[in-house]
Amino acid sequence: MAINVTHFESADRGDTSTYKFVVTDDPAVYVWFTFADGPGQLYTTVRPGPFRNDDPLENASFGNLEELLTERGTSIEQWTRDLMAQYGEYIGWAYP
């Protein structure tokens, strides 16, 4: 069940999928890129709102999405449920 532990500011699925979000009460805005042929990359940005190519990005203090979510008391499964509740129809009701 989606409980909005994560609030997505944007989600775009493609060869490089991009997810911009905030999680729990963490003030950071995160950007997670996933690639068709490998692992993802996690960044932070100071710019709220939908992801734009000119968003200023800095490496997040977490190595990957799972580390971030575990540290914030949630999980990939909950992140995915929140994603589907907020953007499922837009990204085709599927997560790679």
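**Exercise 1. Find which residues of the largest nonpolar core touch the most other members, and which elements supply the core.**

Step 1. A nonpolar core is a set of buried Ala, Val, Leu, Ile, Met, Phe, Trp, Tyr and Cys residues joined through side-chain atoms within 4.5 Å. Buried means under 20% relative accessible area, exposed over 50%, and partly exposed in between (1.4 Å probe, protein chains only).

Step 2. The largest such core has 18 residues, and those touching the most other members are Tyr19, Phe21, Tyr30, Leu42, Leu68, Trp79 and Leu83.

Step 3. At least two core residues come from each of strands E1 (6-12), E2 (16-23) and E3 (29-35) and helices H1 (65-71) and H2 (76-87). H2 gives the most, 4 residues. Helices (H or I, at least four residues) and strands (E, at least two) are DSSP runs, numbered from the N terminus.

Step 4. In soluble globular proteins, nonpolar side chains tend to be buried together.

The model is predicted: local features need pLDDT of at least 70, side-chain atom pairs count only at pLDDT 80 or more, and totals for chains, interfaces and linings use all residues. Residues are numbered from 1 along each chain as its sequence is written, and side-chain values use heavy atoms, leaving out hydrogens and water.

**Exercise 2. Describe the aromatic pair of Tyr19 and Trp79.**

Step 1. Rings of Phe, Tyr and Trp (its six-membered ring) pair if their centres lie within 6.5 Å; planes under 30 degrees apart count as stacked, over 60 as edge-to-face and the rest as tilted. The whole structure holds 7 aromatic pairs.

Step 2. Tyr19 and Trp79 are edge-to-face, at 5.3 Å centre to centre with 75 degrees between the planes. Tyr19 lies in E2 and Trp79 in H2, 60 residues apart.

Step 3. Tyr19 is buried at 0% relative accessible area, and Trp79 is buried at 1%.

Step 4. Ring pairs join Phe8, Tyr19, Phe21, Tyr30 and Trp79 into a cluster.
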